[in-house]
Amino acid sequence: MAQALPVPLQYLASHDATVVAQGADGTLDLRLDSADMPGLSGVPIWLGLPGIRVEVAKGARVKVGFSEGDPAKPFAGLWETDAAMLRIVLGGGSKAVARVDDSTDSGTLVLRTVTEPASLCTIEWKPPGSAVAIVLGTLGVQVSGPSVVEIPIHGKITSGLASLLG
């Protein structure tokens, strides 16, 4: 003799859905493709990785499931394309993550000819994004050419967390 399921069968399957909006708390409002399934709001994203949060585009495609087949416990995951993702936030951080071999901006080295006394050159450093230079020292050298030379200082990230790839 067959027994009735404790929950409707539709809540034991995953469903295709479209993101209508994402709340400030990261949850999603979704429109399910299936006509017999209602729209959902406040659906948490399950990524399977602790400390990771994603911001997704309106219109992104996602799978929706229901924990333990409970209609009150929806979750979203399994994105269709990379275009769905706007931003990934690691551990609540707010800064961009640099990768090995990414370039860096370390400021600008400024060589400035000093007219009094003659034959001196100051060496200055302008931190990234700053218009104010810090005088590092003065050299007693013969300088020819422009009275101010600015040399951008570039570097390269040469180490990183091997378990975090981007």
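## Terms and model

A residue is called buried when its relative accessible area is under 20%, exposed when it is over 50%, and partly exposed in between. The model is predicted.

Side chains of opposite charge can pair when their charged atoms come close.

## Arg53 and Glu55

Arg53 and Glu55 are joined by a salt bridge through their side chains, with an N to O distance of 3.3 Å. Glu55 has a relative accessible area of 22%, so it is classed as partly exposed. Arg53 is also partly exposed, at 39%.

## Arg112 and Glu124

A salt bridge of 3.0 Å, N to O, connects the side chains of Arg112 and Glu124. The pair links distant parts of the chain: Arg112 belongs to strand β8 (residues 103-114) and Glu124 to strand β9 (residues 120-126), 12 residues apart.

Glu124 counts as buried because its relative accessibility is 7%. Arg112, at 32%, counts as partly exposed.

## Asp33, Arg61 and Glu80

Salt bridges with shared partners join Asp33, Arg61 and Glu80 into one network. Within the pair Asp33 and Arg61, the closest N and O atoms lie 2.5 Å apart. This pair, too, links distant parts of the chain: Asp33 sits in the loop between β2 (28-32) and β3 (40-43), while Arg61 is in strand β5 (residues 61-66), 28 residues apart.

Asp33 has a relative accessibility of 45% and therefore counts as partly exposed. Arg61 is likewise partly exposed, at 22%.

Note on methods: Residues are numbered from 1 along each chain as its sequence is written. This is a predicted model: local features need pLDDT of at least 70, side-chain atom pairs count only at pLDDT 80 or more; totals for chains, interfaces and linings use all residues. Side-chain values use heavy atoms; hydrogens and water are left out. A salt bridge is a side-chain nitrogen of Lys or Arg within 4 Å of a carboxyl oxygen of Asp or Glu. Helices (H or I, at least four residues) and strands (E, at least two) are DSSP runs, numbered from the N terminus. Buried means under 20% relative accessible area, exposed over 50%, partly exposed in between (1.4 Å probe, protein chains only).
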